[in-house]
Amino acid sequence: MPDGKRRPATEAEAAALASGIRLRIIRLTFSEALTNKELAERLGRDPATTLHHVRKLVDTGFLAAQPPRRGARGAREIPYLSTGLSWTLDSCGDKGLDQAMLEAYLAEIAETGFDGVHQTRLVVQVAPEERAELETRLNALLEEFRARPRRPGAERTAIYLATYPST
């Protein structure tokens with residue numbers, strides 16, 4: 001996303017992303033290629049169910065299979081790595097995707113526990129045209145950090161950001 005513009009998700013892409021589990025798989029494979037078995041273990045899910053989600057993400061371009069490797073018992077395993085496609089898409093207010101993002105966030109917080117969470121809540125007053133500017137600038141900052149080269153020893157940090165009218 002060199003120009004900072006996101007393109008609308010296709011129907012198939014939006015459907016693939018409209019699952020909290022699939023969003024978590026994308027996040028888990030962001031910097032480390034994981035096999036279906038490893039994903040299932042980390043998610044506390046059945047490997048067959050996880051494989052269904054992995055295949056959907058591969059078919060829509062969100063995950064890429066890496067070269068096969070041998071597992072602990074010598075079985076051939078295929079690790080998967082996120083392609084980064086999800087960051088280049090605009091959900092265009094897709095309610096299914098919005099719900100899935102919240103579901104993934106809540107599941108990750110439940111696993112992490114609040115000890116590792118740094119939260120803030122702020123209400124600001126902005127005109128409609130300023131809200132668009134605020135969101136654009138926040139996205140630009142996130143894009144800047146996303147685009148930085150990966151460094152050994154750097155800690156993975158998840159960010160969930162929502163803007164909404166405060167009544």
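**The whole chain**

Begin with the entire chain in a cartoon view, and bear in mind that the model is predicted. The secondary structure consists of six helices and seven strands. Followed from the N terminus, the elements run β-α-α-β-α-α-β-β-β-β-β-α-α. Along its principal axes, the C-alpha trace spans about 60 × 35 × 30 Å.

Next, colour the residues by accessibility. Of the 167 residues in the chain, buried ones make up 25%. The chain exposes about 11,700 Å², and carbon and sulfur atoms supply 53% of that area. As for contacts with a separation of 6 or more, 64% of them join residues 24 or more positions apart.

**Helix 4**

Select residues 47–59, which form helix 4.

Now display the side chains of T50, H53, V54 and L57, the buried residues of helix 4. They cover an arc of only 100 degrees around the axis, and therefore lie on the same side of helix 4.

Which elements cover the buried residues of helix 4? Select helix 1 (11–17), helix 2 (20–28), helix 3 (36–43), strand 3 (63–65) and strand 6 (79–82), which are included in that cover.

At the N-terminal end, select D46, which caps helix 4: a side-chain oxygen of D46 lies 3.0 Å from the backbone nitrogen of A48. Just after helix 4, select G61, which takes a positive phi of about 90 degrees.

Select T60, which is found in the loop between helix 4 and strand 3. Is T60 buried or exposed? Its relative accessible area is 17%, and because buried means under 20%, T60 counts as buried. A polar atom of the T60 side chain lies 3.4 Å from the backbone oxygen of L57. Setting aside residues up to four places away in sequence, T60 touches A12, E13, A16 and L85.

Move to helix 2 and show its side chains. Eight of its nine residues are buried, so helix 2 is largely enclosed by the rest of the structure. The buried residues are G20, I21, R22, L23, R24, I25, I26 and L28.

Then select T29, in the loop between helix 2 and strand 2 (34–35). T29 has 0% relative accessibility and therefore counts as buried. Which residues are in contact with T29, leaving aside its neighbours within four places in sequence? They are L34, L39, L63, Y80, L81 and S82.

The structure holds nine salt bridges. The remaining stops visit some of them.

Select R7 and E13, whose side chains meet in a salt bridge with an N to O distance of 2.6 Å. R7 is partly exposed, at 35% relative accessibility, whereas E13 is buried, with a relative accessible area of 8%. E13 is also one of the residues that T60 touches.

Select E108 and R27 next. Their side chains meet in a salt bridge at 2.3 Å, N to O. This pair links distant parts of the chain, since E108 belongs to helix 5 (residues 95–112) and R27 to helix 2, 81 residues apart. E108 is buried, with a relative accessible area of 15%, while R27 is partly exposed at 33%.

Finally, select R131 and E135, which form a salt bridge with their closest N and O atoms 3.0 Å apart. How are these two residues placed in helix 6 (residues 128–147)? They are four residues apart, which means that about one helical turn separates them. R131 is partly exposed at 31% relative accessibility, and E135 is partly exposed with a relative accessible area of 28%.

Definitions and conventions
Residues numbered from 1 in each chain as written. Predicted model: local features only at pLDDT ≥ 70, side-chain atom pairs only at ≥ 80, totals over all residues. Heavy atoms only, no water. Expected span 1.5 Å × (residues − 1). Buried < 20%, exposed > 50% of the residue type's maximum accessible area, 1.4 Å probe, protein only. Arc of directions from axis to C-beta. Contact = heavy atoms within 4.5 Å. Polar contact = N/O pair within 3.5 Å; in protein donor to acceptor, adjacent residues only side chain to side chain. Areas by Shrake-Rupley, 256 points an atom, 1.4 Å probe, with all protein chains shown as cover. Salt bridge = Lys/Arg side-chain N within 4 Å of Asp/Glu carboxyl O.
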